[in-house]
Amino acid sequence: MYYWFIFLLGDPPVLAPFTGSSRLKVEMDSTDPIDFFKLFVDDAFISRVTTETNIYGHTKSMGPLSVHSRMKKWEPMTDCEMKVFLAIIITVGLVYKSNLEDYWTTDLTTETPFFGKTMPKDRFVINSLYFL
């Protein structure tokens, strides 16, 4: 029982029973996982996120920066690079490492080559600071 919910909001809402059909309501030519992903994250979404990230990054890069600021290396992202960035974020959720640097390690015993081959660590870190 969610006592905090009852305490804060009173009785929980009454949920109406689901009476619809549970099926996909669009026609799909393929059953590849990427095609299902693209139903939610389409090119327009990628373009918008890239644009907003670039606006934010540009704004931040124009402000006062410390001598060793990572923002001095910031460059606008492309839509393709945003897709790679999102793929890395998703993969980080699937591959456990104890800290961020471990994803880009070249140690033969713990290396996961996907990360280093798709985007340099510094570029990923800079992008993650300004990702919207």
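In the predicted model, the largest nonpolar core has 13 residues, of which Met 82, Phe 85, Ile 88, Trp 104 and Phe 124 touch the most other members; such a core is a set of buried Ala, Val, Leu, Ile, Met, Phe, Trp, Tyr and Cys residues joined through side-chain atoms within 4.5 Å, buried meaning under 20% relative accessible area with a 1.4 Å probe and protein chains only. Helices H3 and H4 each supply at least two residues of this core, and the largest share, four residues, comes from H4; helices are DSSP runs (H or I, at least four residues) numbered from the N terminus. The model is predicted, with pLDDT of at least 70 needed for local features and 80 or more for side-chain atom pairs, whereas totals for chains, interfaces and linings use all residues. Residues are numbered from 1 along each chain as its sequence is written, and side-chain values use heavy atoms, with hydrogens and water left out.

Leaving aside neighbours within four places in sequence, Trp 104 is in contact (heavy atoms within 4.5 Å) with Ile 88, Phe 115, Gly 116, Met 119, Pro 120, Lys 121 and Phe 124. Phe 124 belongs to helix H6 (residues 121–130), in which Arg 123, Val 125, Ile 126, Asn 127 and Tyr 130 are among the other buried residues, and the cover over the buried residues of H6 includes H3 and H4.

Helix H2 (33–40), helix H3 (43–61) and helix H4 (79–92) each supply at least two residues of the lining of the largest pocket, with the largest share, four residues, coming from H4.

Conventions
Buried < 20%, exposed > 50% of the residue type's maximum accessible area, 1.4 Å probe, protein only.
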